[in-house]
Amino acid sequence: MERTLILFKPDCVQRRLVGRILARFEDKGFKIVGMKMLQVTPELAKRHYAEHVDKPFYPSLEKYITGSPLVAAVLEGLDAIRVVREMLGATSGLKAQAGTIRGDFSLSRQMNLVHASDGPEAAKREIDIYFRPEELFDYSLALEPWSRAEDELGG
Ligand code: CMP
C-alpha cells in the first residue's frame, strides 16, 4: 500500500470543486487516511516548494498558494502515487488531456487545482510537512475484499 499527499489548492476551494474532485479519487477506490483545511504561510510554501524557490515563477506561486485556505489530504491505495498523478494529468491545465482532472477543470499552468506527490521520497517528505502522525489513520474499509484480490500487489 502506498500513501500520497494531495492538496486541493486555493483555486479548487474557491471554485468549490473540492467535493467533485475528491469524489473522483474515492470513486477510483482510494482511501482517505487524513484530511484537513489549512492556511499555507509563506514559510510553509517555501518548505513545500523548496525546489521551486529560485524559479522565476516562485513569487507568483507563493502568492497563489497562500492566497486562500486549501484542503490537504493523504490518500492510500495500490500504486497511489503514480495512479493519482495520472488522474491529475499534465501540470498545465492547458496541456492536460481531456478526461484527467486538470484536463477537465483547469485552463491554467499555475491554477491547476490539485497538487500530488511525484514520487515515494516526495510523498514521505510532503506528508511529514502537512500531517502529524496522529492525524493519519489506519483502518479498514468494508468494501476492501471486493476492491482487489487479497494477494494483489501494485504494478
Ligand atoms: P504543483 O504540482 O503544485 O507543483 C508546482 C506548482 O507550481 C505547479 O503545480 C503549478 O501550480 C506551479 N507552476 C509550475 N510551473 C509553473 C510555471 N511555469 N509558471 C507558473 N506556475 C507554475
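The model is predicted: local features need pLDDT of at least 70, side-chain atom pairs count only at pLDDT 80 or more, and totals for chains, interfaces and linings use all residues. Residues are numbered from 1 along each chain as its sequence is written, and side-chain values use heavy atoms, with hydrogens and water left out.

Helices (H or I, at least four residues) and strands (E, at least two) are DSSP runs, numbered from the N terminus. The buried residues of H2, where buried means under 20% relative accessible area, are Val18, Ile21, Leu22 and Phe25. They line one face of the helix because they fall within an arc of 100° seen down its axis; the arc is that of the directions from the helix axis to the C-beta atoms. An α-helix has 3.6 residues a turn, so residues three or four places apart point the same way.

Helix H4 covers residues 58–65, and its buried residues are Tyr58, Leu61, Glu62, Tyr64 and Ile65. These cover an arc of only 160° around the axis, which puts them on the same side of H4. They pack against H1, helix H3 (42–48) and E3, with contact meaning heavy atoms within 4.5 Å. On the face turned away from the buried side, H4 carries the exposed residues Pro59 and Lys63.

**The ligand**

Among the residues around the ligand (a heavy atom within 4 Å) are Leu61 and Tyr64, along with Lys9, Arg102 and Gln110. The shell divides into four nonpolar, four polar and three charged residues.

| Residue | Part of the residue | Distance to a ligand oxygen atom |
|---|---|---|
| Gln110 | backbone N or O atom | 2.7 Å |
| Asn112 | side-chain N or O atom | 3.0 Å |
| His115 | side-chain N or O atom | 3.0 Å |

On its own the ligand has 450 Å² of accessible area, and the protein covers 85% of this; such areas come from the Shrake-Rupley method with a 1.4 Å probe.

**Positive phi values**

Arg16, a residue other than glycine, has a positive phi near 55°. Arg16 is found in the loop between helix H1 (10–14) and helix H2 (18–28), and is exposed, with a relative accessible area of 74%. Asp79 is not a glycine either, and its phi is positive at about 50°. Asp79 lies in the loop between strand E3 (70–77) and helix H5 (80–88). Just after H2, Gly29 takes a positive phi of about 120°.

Notes
Buried means under 20% relative accessible area, exposed over 50%, partly exposed in between (1.4 Å probe, protein chains only). A polar contact is a pair of N or O atoms within 3.5 Å; within protein, one must be able to donate a hydrogen and the other to accept it, and residues adjacent in sequence count only if both atoms are side-chain atoms. Ala, Val, Leu, Ile, Met, Phe, Trp, Tyr, Cys and Pro count as nonpolar, Asp, Glu, Lys and Arg as charged, and the others, Gly among them, as polar.
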